[in-house]
Amino acid sequence: MNIDNIEMNEVLPAVFAAQGAPGSEIWCRNVAFERGHSYLVSAQSGTGKSSLCSYMYGYRSDYSGRISFSGIDIATLGISQWCELRCRHLAYLPQEMRLFPELSAIENVELKNRLTGHRNRSEIEQMFERLGIQDKINQPVAYLSIGQQQRVAIIRALCQPFDFILLDEPVSHLDESNNHLAAKLVSEEAKRQGAGIIATSVGNNVMITVDKEYKL
Amino acid sequence: MSKTHSPNNLLWRLLRKHVSAGQLLGFSVASLIGLVIVLLALQFYSDVKPMLSSDDSFMRRDYIILTKTVSGFGALLGSNADFSDDELDDLSKQPWVRKVGQFTTPQYRIYGSLTFGNRALRTYLFYESVPDEFIDELPDRWGFDPAEGKVPVIVSRDYLSLYNFGFAATRNMPQVSEGMIGMIPVQLTLSGNGRSETVEGRIVGFSNRLNTIIVPEQFMQWSNERFGSDEKRQPSRLIVEVSSPGDKAISEYTKAHGYEIAGDKADSGKASYMLRILTGIIATIGGIISLLAFFVLILSISLLMQRNSRKLQDLLMLGYTPAQVSAPYVKMIVATNAVILILGCAATLICRSLYMPTLLSLGSTGGGLLMPIATAVAIMAAITTGSIFSIRRRVSSLWKA
């Protein structure tokens, strides 16, 4: 199932049910994200930025309203369909990265790539090089800085074909030059696949060209 | 450059953390003990079973001999120890009764003398008759013709042993074999009804079942007509073919009616019954141990999954299916249980080889291995399936945060 667009109709996290979400351009609105375009969702802490990503990625469903992929309500999708989406159509970089600290950087990436078979070894090494962490490739993730871990997580997220990529604060711990390198890598990859980008940020915006910015 | 890893290897490296060798070992040992107990009980039963069902075995007892209980005073007061027609009728209607045979007793006196060499044994004798179908080993020359006057006799095999190993040994008499004794004539002097006659008896067979001296029914009829009074006598001893020896109904019935089952052989039917119960109890204990082991495993799995829940969730986030994520644990359980199954079967076979010589010498032909092994496979398959189900269920419960 290809995701040509992601539509959100009157979506509101259950925790906001009482007070609503005044001023939000996403919650309780009808919003559509189109494939091939880039979006930035800027937010303040506590406005439900990570919730938005987890709803779209299918591991939380504590909301009212309707989210649909190419017109299909995602609440109706089964486990196997979600697994297929996560391997082939929807890439995700969680804010907390969710790397396995006891595995090395390359093993973390391999864990995803072996599942999708999307990249060969030299392509992966090239990405490490482009992001300036080629010397960390065999280091256990536990010994990497948060910024380095963020880059490993970005590489891992790119080890699959995707129609959309969700980036939850992808560059919060990157300096400007590394932000630039990461943004360039993601944009290139999205463009190559004709995919859409949805990035969130509380301040340190990823340096991609966005087609539309929403305030959460 | 780094060595490459298959995703399965990587998964196992991630998920083996918190796998408790102690818990796994605890389960394995408990499960192995339970399995071996169940298996051994079933194997032993299946090895002993041929002894229970063969016709000539000591365990099986198709016939019981019934008498009325004779109390000291009852006998003096002349209470009747004979079975009435009503009582016989009621007995033959019992569901556990196949056939009832009556012992007929002589109504005259018998004086017997047995001569071999220059020595002789002389004594008052007693014999009985039963219908031919109740005699276990019917000899060729069985029956009686008044014109010939020769009487075939069957005696209990116990009597021969008693003579050979008791009497002959202490009195310096020759020991005799079964074949030899048939050649020795026994003079039977019958007297009653104002007459006295001598007929020639010959021991033609031995019985394991009938603990008495038996003559053919035709002879008994003839001699009673000739030497006895005319009145019809009711039988005081009965031989009963029963459908299931050791049936509780038999002892209940005989107790209620004041009958006695003669001979300790009546108890042997109970031996098979007891064996079955004992096997059942032991197998149940083994089953309970296996069940407890299974719960240890389930608990251990649930603890393991709980400790690794974050990792399992992260793997699901990457797009791994619950089946893929469960696979390392499923493999671990299957491998462990396969080892337990093999060890359990091996241990059972080793134990069997220890007791089998004894059983063979007792006349068992040995039972099949199929049923116990099939049971073992079924038990371990059930434990494995249950565990896999538990693993899958727990992984699926991690699907949503």
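**Nonpolar cores and a parallel sheet**

In the largest nonpolar core, which has 105 residues, the members that touch the most others are V152(A), I155(A), F164(A), I165(A), L166(A) and I197(A). Helix α2 of chain B, residues 21–53, supplies the largest share of this core, with 13 residues. The model described here is predicted.

**Cores**

- Leaving aside residues up to four places away in sequence, I165(A) touches A91(A), A157(A), V186(A), A190(A), A195(A) and I197(A).

**The sheet in chain A**

- Five strands of chain A form an open sheet with parallel pairing, in the order β6-β7-β8-β3-β9.
- The edges are taken by β6 (90–93) and β9 (212–215) of chain A. Each has a single partner strand, so one side of each is left without a neighbour in the sheet.
- On average, neighbouring strands of this sheet are turned by 15 degrees against each other, direction ignored.

**Pairing of β6 and β7**

- Strand β7 of chain A covers residues 164–168 and runs parallel to β6(A), to which four bridges join it.
- Y92(A) has L166(A) in β7(A) as its bridge partner. L166(A) is also one of the residues that touch the most other members of the largest core.

**A helix across the sheet**

Note on methods. Residues are numbered from 1 along each chain as its sequence is written. Chains are lettered from A and ligands numbered from 1 in the order in which they are written. This is a predicted model: local features need pLDDT of at least 70, side-chain atom pairs count only at pLDDT 80 or more; totals for chains, interfaces and linings use all residues. A nonpolar core is a set of buried Ala, Val, Leu, Ile, Met, Phe, Trp, Tyr and Cys residues joined through C-beta atoms within 7 Å. A residue is buried if 20 or more other C-beta atoms lie within 10 Å of its own, exposed if 12 or fewer, and partly exposed in between; C-beta atoms are placed from the backbone. Helices (H or I, at least four residues) and strands (E, at least two) are DSSP runs, numbered from the N terminus. Two residues are in contact if their C-beta atoms, placed from the backbone, lie within 7 Å. Two strands pair if DSSP finds at least two bridges between them. Axes are lines fitted to C-alpha atoms, for helices over the stretch in contact, and angles run from 0 to 180 degrees between N-to-C directions.
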